[in-house]
Amino acid sequence: MYQPAHHRFEVADAAAQLAELAARAPATLVTLGADGLRASILPMLFEPGHGLGILRGHLARPNPQWRDIDP
């Protein structure tokens with residue numbers, strides 16, 4: 001993540017903060033597809049390790065938004 005030169009937004013333990021955020025708040029996925037903008041609320045899981053860790057979200061197959069991001 002970009003950190004401005006003034007370091008105002010740095011945190012001591014970024015992985016712990018990501019884990020807390022994933023446990024408390026869902027993510028909003030916004031995509032632009034052929035039908036325009038779509039937004040979905042995604043539950044998030046945090047997996048520690050791999051640098052700062054990995055945030056994983058879930059988008060259900062019946063949700064047509066997955067077609068906007070399918071390669």
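Predicted model: local features only at pLDDT ≥ 70, side-chain atom pairs only at ≥ 80, totals over all residues.
Biologist: How many salt bridges does the structure hold?

Modeller: A salt bridge is a side-chain nitrogen of Lys or Arg within 4 Å of a carboxyl oxygen of Asp or Glu. One of them joins Arg56 and Glu47, at 2.8 Å from N to O. The number of salt bridges in the structure is four.

Biologist: In which helix do Glu20 and Arg24 both lie?

Modeller: The side chains of Glu20 and Arg24 meet in a salt bridge of 3.4 Å, N to O. Glu20 is partly exposed at 43%, whereas Arg24 counts as exposed because its relative accessibility is 68%. Helices are DSSP runs (H or I, at least four residues) and strands likewise (E, at least two), numbered from the N terminus. The two residues are four apart, about one turn, and both belong to helix 1.

Biologist: How many residues apart are Asp68 and Arg38?

Modeller: The side chains of Asp68 and Arg38 form a salt bridge of 3.3 Å, N to O. This pair links distant parts of the chain, Asp68 being in helix 2 (residues 66-69) and Arg38 in strand 2 (residues 36-42), and the separation is 30 residues.

Biologist: What is the relative accessible area of Arg38?

Modeller: Asp68 is partly exposed, with a relative accessible area of 23%. Arg38 is also partly exposed, and its value is 22%.

Biologist: Over the ring of which residue does the charged end of Arg61 sit?

Modeller: A charge sits over a ring if NZ of Lys or CZ of Arg is within 6 Å of the ring centre and within 35 degrees of the ring normal. The charged end of Arg61 is 4.2 Å from the centre of the ring it sits over, that of Trp66.

Biologist: In which strand does Leu32 lie?

Modeller: Leu32 counts as exposed because its relative accessibility is 66%. The element that contains Leu32 spans residues 27-33 and is strand 1.

Technical notes. Residues numbered from 1 in each chain as written. Heavy atoms only, no water. Buried < 20%, exposed > 50% of the residue type's maximum accessible area, 1.4 Å probe, protein only.
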